[in-house]
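The entries follow the order in which I looked things up.

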Amino acid sequence: MLPVPVSVKLPRRILPIYNGRFWQTLLVIFLVLVLLGPVVNLLIWSVAESWFFPHALPSQWGLKYWFQVFSPYSDVSGSLFTSLGVALLSVLVCLVVSVPAGYALAQRTMPLRLVFMLLFLIPQAFPNLTVYMNVARLFYQWGLNGTVLGVVLVHSVHGLMYSVWISVAAFSATDPLQARAARNLGAGPVYTFFTIILPQAAPGIIAASIFVFLESMDEFTGTFFVGAPDVSTLPIMLYTASMSGNYQVSSITALILLLPSVLFMLVIHKFMRPEMLSRLGK
């Protein structure tokens, strides 16, 4: 009589598919590929002087296009300074509006408070393409089409959503007892605002400024319809270079746009406090 075979069941601890670390490692690898894969591709294209199908890597490496981008006669350098100027002016315009508006809307007793806060969300409620086409038509009638002022106004309207809502959260997170104590000691409302309230809300206002700056630096649609071809920013330059097949210049331009985003996000992580974020929308 033949012996009946006995199935051998391996312990689950020696099977890698049952190991939690296996799935964690697989997830980390997947996230790294998703997040860093496009960046690595941009880095390779930025130093590729010759790269043709079917080669997996460039056949000739070099910094030729980097020197071309940062040369004094390069269009990219001019677009970079234009983008920085437009972004800084947009931040200034948004702060002029959002600081007093944020302080007023932070007061829960303000009439129609929710309605005013929702008004700043209207630019995000409609497709950007439809909005900017009509804005371009109006700006053409007013003489603002193709001007830096017109581009700054478009970017500012788009950035007010970030600056106002974050400013409201920043002023809502301030300590009202300190302001009340200053008023009881004889300080005026203006002095109390600039010495007691505003310093407490400064981290949130800085974070709002960074969001507006990054939004303006990356804005393409509004700049294309309102400013192009007279106002050329980095996103416009990136689009022009990629459409003409100059992938090296477009990759370098994309890396230039990526750098401030990474640096400022580290700053935002420092200034955006949990207690302030918890007050967004309240």
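The model is predicted: local features need pLDDT of at least 70 and side-chain atom pairs pLDDT 80 or more, whereas totals for chains, interfaces and linings use all residues. Residues are numbered from 1 along each chain as its sequence is written, and side-chain values use heavy atoms, without hydrogens and water.

I then listed aromatic pairs, taking rings of Phe, Tyr and Trp (its six-membered ring) with centres within 6.5 Å; the count is 13. The ring centres of Trp-45 and Trp-51 are 4.7 Å apart and the planes stand at 40°, so this pair is tilted (stacked is under 30 degrees, edge-to-face over 60, tilted the rest). Tyr-103, Phe-171, Phe-193 and Phe-194 form one aromatic cluster.

Next I examined helices, which are DSSP runs (H or I, at least four residues) numbered from the N terminus. Helix H8 (residues 176-184) and helix H9 (residues 189-218) pack at about 155°, with axes 10 Å apart; axes are lines fitted to C-alpha atoms over the stretch in contact, and angles run from 0 to 180 degrees between N-to-C directions. That makes H8 roughly antiparallel to H9 (over 145 degrees). I noted the residues in contact (heavy atoms within 4.5 Å): Gln-178, Ala-179, Ala-182 and Arg-183 of H8 meet Pro-189, Thr-192, Ile-196, Ile-197 and Gln-200 of H9.

Conventions. Helices (H or I, at least four residues) and strands (E, at least two) are DSSP runs, numbered from the N terminus. Angles under 35 degrees count as roughly parallel, over 145 as roughly antiparallel, 65 to 115 as roughly perpendicular and the rest as oblique.
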